[in-house]
Amino acid sequence: MNVRRGLWFLIVFLIGGVLTAGCQQLALLVPEESIVAAPVADENAASTPITASLVLSPLVDLAAVPSVGAPPVQLQIPELEIDVPVVPMTWEIVTVEGERTTRWTPPEDAAGWAVNSAGVGALGNVVIAGHQARGEAVFEAIALGEVEVGQKILLSDETGATATYEVAAISEPIPLFGASETERALAAAYVAPTTDARLTLVTGWPAATTTHRIFVIALLAPNEAE
């Protein structure tokens, strides 16, 4: 009887261990609710500098680029067959790893435009975020590594005016949690205002979950008709 009881406890222990491991694995597959953006600015601290790797040569004469643009309503990447609506996206202030940060709340069925970023075809940094593993997963192709330097991105406003951007750089995945100080500074730099005219796409990585973020930088380019 004691032998049987010992075997029974052993079986229960092993089954429990398997179930626990399975639950932990499943927990790793749960995507994050949103994308963490840049840290909240401290008025007494120096602004985060744009690193040398983010300084890119413009493709257009910046003197001819308007300083203000309208909010985007549609984003297309023809080579990836991406054609999605863009809606204004706000943020909430949260504490992550003891630091106050702004966490964007991208929509489930569209891409989200950061309301404090630049407008279509204007000077500055147009920041647009989208899920890769939730809802319509509008930026799944980006998380799958299908975006490439040189591809065109079309961004339109509500009047139908369209600006063309050309992909210039794609970041390495940056950890969402447990990032180093350098990695956090780099992530903040990607979404910071700029003096050129660019579009930055932000999404989670990899495609099935969200443990990292990736950034796609595209520079304003001459429209095809120009």
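Trp-91 counts as partly exposed, because its relative accessibility is 37%; buried means under 20% relative accessible area, exposed over 50%, and partly exposed in between (1.4 Å probe, protein chains only). The model is predicted: local features need pLDDT of at least 70 and side-chain atom pairs count only at pLDDT 80 or more, while totals for chains, interfaces and linings use all residues. Residues are numbered from 1 along each chain as its sequence is written, and side-chain values use heavy atoms, with hydrogens and water left out.

Trp-91 lies in strand 4 (residues 91–96). Together with Ile-93 and Val-115, Trp-91 makes a nonpolar surface patch of about 260 Å². Such patches consist of residues with over 30% relative accessible area and no salt bridge, nonpolar side chains (Val, Leu, Ile, Met, Phe, Trp, Tyr) being joined within 5 Å and like charges within 9 Å.

The structure holds three salt bridges, each defined as a side-chain nitrogen of Lys or Arg within 4 Å of a carboxyl oxygen of Asp or Glu.

| Salt bridge | Closest N to O |
|---|---|
| Glu-108 and Arg-134 | 2.5 Å |
| Arg-198 and Asp-196 | 2.8 Å |

Glu-166 is partly exposed at 25% relative accessibility, and Lys-152 is partly exposed at 27%.

Of the 226 residues of the protein, 41% count as buried.

Note on methods:
Accessible areas come from the Shrake-Rupley method with a 1.4 Å probe; for residues, only the protein chains shown count as cover. Helices (H or I, at least four residues) and strands (E, at least two) are DSSP runs, numbered from the N terminus.
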